[in-house]
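Open the model in a viewer and keep the sequence at hand. The stops below say what to select and what is there.

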Amino acid sequence: MIRKILIANRGEIAVRIIRACRELSIATVAVYSTADIDALHTQLADEAVCIGPAASRDSYLNMENIISATIISGADAIHPGFGFLSENTKFVEMCEECKITFIGPSAKLIHAMGNKSEARTTMMNAGVPVVPGTKDPVFEAKRALKIAKDIGFPVMIKASSGGGGKGMRISADPSDFIENFNMAQLESVNAFGDNTMYIEKYIENPRHIEFQILADKFGNVVHLGERDCSIQRRHQKVLEESPSCAIDDDLRRRMGETAVRAAKAVGYENAGTIEFLLDANKDFYFMEMNTRIQVEHPVTEMVTDTDLIKEQIRIASGLPLELKQEDIHVSGHAIECRINAENPEKNFRPCPGLIEDVHIPGGNGIRVDTAIYPGYEIPPYYDSMIAKLIVRGKTRSEAIDKMRSALGEFIIQGVDTNLDFQYDIINNKKFREGKVSTSFIETMYDEE
């Protein structure tokens, strides 16, 4: 079993991992930038090591400093959390070379599934349905336009190395295609250093459904049901729930079996997520695979009574899965709201600053993952998410009522947040009726 884990991350996910390690009696090492010297994760870990200045590139993305901190502290494993270096193949290769256990899949697997065009080809070969589009990567706008015309507009332009909504554009017709392609490609180059693009048929108003996967080193793969992540803003998830009210038992079985087949097709190991688009006809298409723990993993934990971080650590330690597919049962309904320090009335402008006071809601079936506390200064250098509010009810209706109550009780003073915006989503008639898609937020304030 792993003895000591360095957490190569910050914020609520670092705190989440530290707590799981405590329960497993595993020592922890926090890393922090100079801006995070007073962060909660540095106080909860057994040790804390400064890895550089405030800017991410000099600290949380500084591979050499993180590897050095791991060796100096005597940690034998690294948990990357999500974001930062969690899907960076070079970093994983460095861990492998230094005999440090990376709690996640191999560099080879991350590369295979992180490159979106390569992943599409792999899924096609495995018989997994994919959105109609290019099988080979595209680099030139004029050639891409010809391909788009063959596919049929509207189309989605995507960066092969993309993620988090970066390097993505929708083109409605040939007149705006070249401009959108060039903008998406430039964004990809700036964000990922990669100009490789591909083109897909744009599925209008789909649902975004993802299946949580666990896979060990012995070829055992299970799924833990689905999450409905359709509530998004600019391709960034805002609210997630499990299970999806749009899926019946037969479709759930077929999608789950497809997700397992997709994971087995690449010989996957550790926790991962197979993401699908579900259209109005209930046809589903593979979109991508995330080779890390997801921000929204708590909703799956709530309805399956599973600790996904612990499972990641056990798998990385070389232990076989104790779970079999028939052992996994989804009970009740869970919803997660991402709480961000931002102002929705000012185009969701980030709002770093001093947390003057906090009241965190509680009660049966209510969970808050956060790293904030009264007197904590939110730095301006990182993502604006400061908390995740998760609830579980016996039914979707009960979960919605519980989330409404919890949002109303959640108080964060000193900075602007999206608490009221999340409250509006929960109270929206179409949301309550389950009539949502990835374009929901764009029309949520329209007359019902």
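Select Phe91: at a relative accessible area of 0%, Phe91 is buried, where buried means under 20%, exposed over 50% and partly exposed in between, with a 1.4 Å probe and protein chains only. The model is predicted, so local features need pLDDT of at least 70 and side-chain atom pairs pLDDT 80 or more, while totals for chains, interfaces and linings use all residues. Residues are numbered from 1 along each chain as its sequence is written, and side-chain values use heavy atoms, without hydrogens and water.

The whole structure holds 10 aromatic pairs; rings of Phe, Tyr and Trp (its six-membered ring) pair if their centres lie within 6.5 Å, and planes under 30 degrees apart count as stacked, over 60 as edge-to-face and the rest as tilted.

Next, show Tyr60 with Tyr382. Their ring centres are 5.5 Å apart and the planes stand at 85°, so this pair is edge-to-face. Tyr60 sits in the loop between strand S3 (47-52) and helix H3 (63-73), and Tyr382 in the loop between strand S20 (377-378) and strand S21 (385-393), so the pair ties together parts 322 residues apart in sequence. Helices (H or I, at least four residues) and strands (E, at least two) are DSSP runs numbered from the N terminus. Tyr60 is buried at 0% relative accessible area, and Tyr382 is buried at 13%.

Phe91 belongs to helix H4 (residues 89-97) and Phe102 to strand S5 (residues 101-102).

Last, select Tyr60, Phe84, Tyr381 and Tyr382, which ring pairs link into a cluster.
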